[in-house]
Amino acid sequence: RVSVPDGMDGVNILPLLLGESKESHHPYLYWRFGPQKAIRHGKWKLVDARDFETKSQSGWQLYDLENDISEQKNLATSQPEIVSQLSRAWDQWNQTNVEPLWVGTPNEDPRVKPAKAKKKQ
């Protein structure tokens, strides 16, 4: 028997994502990948993405997925209270996580320093 930590209950969310079900077992969905992070709550999605070419973060971007499924209109400046609520929820969730075991390359994650070239003797 395997013990499952709180928040990791193995619920299949695929029917919800495919629109086959309206019932959500969790009020929030969270994810992170290297420096990229996101949270989904109802129609709102808050995301901080990585631009790999410029090696910079986008900063929090907010999207209303009911009206903008392709995430073209960033509402972060017009909805600061939702950005604040969701970013706080993401931070609280992330505090319960262990540090990532894989962080990617220096291009993917700014916390990774490039390897120094070995000097030939």
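Two strands count as paired if DSSP finds at least two bridges between them. Helices (H or I, at least four residues) and strands (E, at least two) are DSSP runs, numbered from the N terminus. This is a predicted model, in which local features need pLDDT of at least 70, side-chain atom pairs count only at pLDDT 80 or more, and totals for chains, interfaces and linings use all residues. Residues are numbered from 1 along each chain as its sequence is written, and side-chain values use heavy atoms, with hydrogens and water left out.

**Sheet**
- Strand S2 (residues 36–41) and strand S3 (residues 44–48) run antiparallel and are joined by 5 bridges.
- Lys-37 has Asp-48 in S3 as its bridge partner.
- An open sheet is formed by 4 strands in the order S1-S2-S3-S6, with antiparallel pairing.
- Strand S1 (28–33) and strand S6 (61–64) are at the edges with a single partner strand each, so one side of each has no neighbour in the sheet.

**Helix on the sheet**
- Helix H2 (residues 80–95) lies across S1, S2, S3 and S6 and runs at about 65° to S1.
- Such angles run from 0 to 180 degrees between N-to-C directions, with axes fitted to C-alpha atoms, for helices over the stretch in contact (heavy atoms within 4.5 Å).

- Ile-82 is in contact with Trp-44 and Leu-62, leaving aside its neighbours within four places in sequence.
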